Amino acid sequence: MGNDFNYKHKIPRISVFKKLFDSTGWNTVYHATETELKKSLRNSWFCISVYSKEKLIGFGRMLSDGCLYSILCDMIVLPEYRNMGIGTNILKRLIAKCKQENIKAIWLFAAKDKKDFYSKRGFEIRPDDRPGMYYKF
Ligand SMILES: CC(C)(COP(=O)(O)OP(=O)(O)OC[C@H]1O[C@@H](n2cnc3c(N)ncnc32)[C@H](O)[C@@H]1OP(=O)(O)O)[C@@H](O)C(=O)NCCC(=O)NCCS
């Protein structure tokens, strides 16, 4: 599914990406400007942008050291295009890139209610005695 859409290895136009990013509500926490979002995408290791004709409708990216570890970030599909397989297709492409580069492990922090999306696609929850952690500013 999702085959009518174009999946491109590219950074989208930032003004358009900001609208997609803002659609998640995350930016009520980060308050990221277009300049900051542009820097974050440029410093990413691998990005997938999804288009319906010319319209940006989905995105996902990997941060990585290019050798051992990758971190999955900013998986987003516009609400009206969800449940059509696009998120799965983005994830497949990001994982395929990591496999191709012989990355040893992919990490992510699931957003609210997205745990099952990732566990159905091969991700495991870390055990309680080896939890993922983060430092908030
Ligand atoms: C997480 C997110 C990217 C998933 O994108 P998506 O395009 O809806 O993902 P998919 O369509 O591949 O899969 C979602 C569900 O739709 C179902 N689905 C897939 N293709 C379908 C189709 N053709 N018809 C009906 N349902 C379908 C799948 O079964 C899937 O459910 P499952 O997880 O129980 O298997 C999207 O929900 C999103 O942008 N959320 C807001 C931002 C966010 O929280 N991102 C995650 C950060 S960790």
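A molecule sits in a pocket if more than half of its atoms lie within 2 Å of the pocket's grid points. All views below are of a predicted model.

**View 1. The ligand in the largest pocket.** The ligand of this predicted model sits in the largest pocket. The shell around the ligand holds 21 residues, and those that come nearest are Met75, Gly85, Gly87, Thr88 and Lys120. Twelve residues of the shell are nonpolar, five are polar and four are charged. Three elements each supply at least two residues of this shell: strand 4 (69-77), helix 4 (86-100) and helix 5 (115-119).

View 2. Lysine 120 has a side-chain N or O atom 2.4 Å from an oxygen atom of the ligand. At valine 77 the polar atom belongs to the backbone, and its distance from a ligand oxygen is 2.8 Å. Asparagine 83 likewise places a backbone N or O atom 2.9 Å from an oxygen atom of the ligand. The ligand, taken alone, exposes 930 Å², of which the protein buries 74%.

**View 3. Serine 44 and its side-chain partner.** Serine 44 belongs to the loop that runs between helix 3 (34-42) and strand 2 (46-52). Its relative accessible area is 14%, and because the limit for a buried residue is under 20%, serine 44 counts as buried. The side chain of serine 44 makes a polar contact of 2.7 Å with the side chain of arginine 61.

**View 4. Serine 49 in strand 2.** Serine 49 is placed in strand 2. With a relative accessible area of 0%, serine 49 is buried. A polar atom of the serine 49 side chain lies 2.7 Å from the backbone oxygen of lysine 10.

**View 5. Serine 40 in helix 3.** Serine 40 lies in helix 3. Its relative accessible area of 24% falls between the limits of 20% and 50%, so serine 40 is partly exposed. A polar side-chain atom of serine 40 is 2.7 Å from the backbone oxygen of leucine 37. Leucine 63 is 23 residues from serine 40 in sequence, and the C-alpha atoms of the two are 9.6 Å apart.

**View 6. Two loop residues with positive phi.** Most residues other than glycine have a negative phi. Histidine 31, which is not a glycine, has a positive phi of about 55 degrees. Its place is the loop between helix 2 (27-30) and helix 3. Histidine 31 is exposed, and its relative accessible area is 57%. Lysine 53 is not a glycine either and has a positive phi of about 55 degrees. This lysine is found in the loop that lies between strand 2 and strand 3 (55-64). The relative accessible area of lysine 53 is 75%, and since exposed means over 50%, lysine 53 is exposed.

**View 7. Cysteine 98 and isoleucine 86.** Helix 4 is the place of cysteine 98. Cysteine 98 is buried, at a relative accessible area of 2%. Between the C-alpha atoms of cysteine 98 and isoleucine 86 there are 19 Å, with the two residues twelve positions apart along the chain.

**View 8. Lysine 104 and leucine 68.** Lysine 104 is found in the loop between helix 4 and strand 5 (105-107). Lysine 104 has a relative accessible area of 55% and is exposed. Leucine 68 is 36 residues away from lysine 104 in sequence, with 5.0 Å between the C-alpha atoms.

View 9. Lysine 115 lies in helix 5, an element that supplies at least two residues of the shell around the ligand. Its relative accessible area is 48%, which makes lysine 115 partly exposed. Lysine 115 and isoleucine 125 are ten residues apart along the chain, and their C-alpha atoms are separated by 8.5 Å.

Key:
Residues are numbered from 1 along each chain as its sequence is written. This is a predicted model: local features need pLDDT of at least 70, side-chain atom pairs count only at pLDDT 80 or more; totals for chains, interfaces and linings use all residues. Side-chain values use heavy atoms; hydrogens and water are left out. A residue is near a molecule or strand if one of its heavy atoms lies within 4 Å of it. A polar contact is a pair of N or O atoms within 3.5 Å; within protein, one must be able to donate a hydrogen and the other to accept it, and residues adjacent in sequence count only if both atoms are side-chain atoms. Accessible areas come from the Shrake-Rupley method with a 1.4 Å probe; for residues, only the protein chains shown count as cover. On a 1 Å grid over the protein atoms alone, a cavity is a set of points where a 1.4 Å probe fits but cannot get out, and a pocket is an open set with protein on both sides within 12 Å along at least five of seven lines; lining residues have an atom within 4 Å of a point. Helices (H or I, at least four residues) and strands (E, at least two) are DSSP runs, numbered from the N terminus. Ala, Val, Leu, Ile, Met, Phe, Trp, Tyr, Cys and Pro count as nonpolar, Asp, Glu, Lys and Arg as charged, and the others, Gly among them, as polar. Buried means under 20% relative accessible area, exposed over 50%, partly exposed in between (1.4 Å probe, protein chains only).
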